[in-house]
Amino acid sequence: MNQVNILTLLSDFGYNDVYVGVMKGIICQVNPNLTLIDLNHQIPPQNIAAARFSLMNAYPYFPQGTVHLAVVDPEVGGQRRAIALKLEKGYLVGPDNGIFSGIIAENPVITAIELTNSEYWRISQPSSTFHGRDIFAPVAAHLASGVSLQKLGREINPETLVKLNIAKCQIITNGVASCIQYIDHFGNLISNIPGSFVEGKTWCVEVQGLQIPGCATYSDVEAGEVLALVGSHGWVEVAVNSGNAQIQLQMKYLDNLQVLFLEDC
């Protein structure tokens, strides 16, 4: 088997409590030589959509064989499955609640495992509220240390994995209709419209009756003004130069917006 040694962590645990540190402690008990990389522990509480986007955008930047551990788990202790997935470039470990649906939409699952083998858990009777500590962290550590995926549980059909219900882009007569899939630390409203849709076009974003011009950079408008652009992540976003679009426009996850092309802007 090919041993990997990079393990990323993502959660909504924040840093005011010890939860992140405890998971790292469990990982180090399994293998203190793993390289641990924190992607984000400030995901808004229970916000699976935010976790989905963050993972989807981080995944391409890591080496072959990286294990990604993600715990945003509002159904912990319920009926949702605990899973580990093998993809061409690496592995995903976490709850089967749609958190991985952004990655697997572009990266087919090779093998999907339900984590039923308690030999690789911290304890055989895990807490009903902290599977990150008792199941996911030790399993991810074992996987990153070279344990075979098949040893972790029973194989399941990848087609049965939960997919997050985020509306797809729809081509309309004069543009593209979509929704907000993520809101970043700066309050930028990131749509699910790929930047390729507006490449080479004159365009604007229509939202709440406003037509917001498509620009190349934040500084194309004056401080405090609203603009639209393609962000470094490759998606169309709405922003405020030196401000916060979420606050200024009072918008939230999954709210609708549209890109309109020249004749309608």
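The largest pocket holds about 590 Å³ of space. A pocket here is an open set of points on a 1 Å grid over the protein atoms alone, where a 1.4 Å probe fits, with protein on both sides within 12 Å along at least five of seven lines. Its volume is the space filled by probe spheres set on the points. The model is predicted: local features need pLDDT of at least 70, side-chain atom pairs count only at pLDDT 80 or more, and totals for chains, interfaces and linings use all residues. Residues are numbered from 1 along each chain, and side-chain values use heavy atoms, without hydrogens and water.

Lining residues have an atom within 4 Å of a point. The largest pocket has 20 of them, with Arg52, Ser101, Gly102, Ala105 and Lys168 closest to its centre. Helix 3 (101–106) and helix 2 each give two or more residues to this lining. Helix 3 gives the most, five. The helices are DSSP runs of H or I, at least four residues long.

The second largest pocket has a volume of about 430 Å³. Its lining counts 22 residues; Phe53, Asp184, Ile190, Ser232 and His233 lie nearest the centre. Helix 2 contributes two or more residues here, as does strand 14 (235–240), a strand being a DSSP run of E of at least two residues.

The largest nonpolar core has 51 residues, and Leu85, Val205 and Val259 touch the most other members. Helix 2 (residues 48–58) supplies the largest share, seven residues. Such a core joins buried (under 20% relative accessible area, 1.4 Å probe, protein chains only) Ala, Val, Leu, Ile, Met, Phe, Trp, Tyr and Cys residues through side-chain atoms within 4.5 Å.

Technical notes: Buried < 20%, exposed > 50% of the residue type's maximum accessible area, 1.4 Å probe, protein only.
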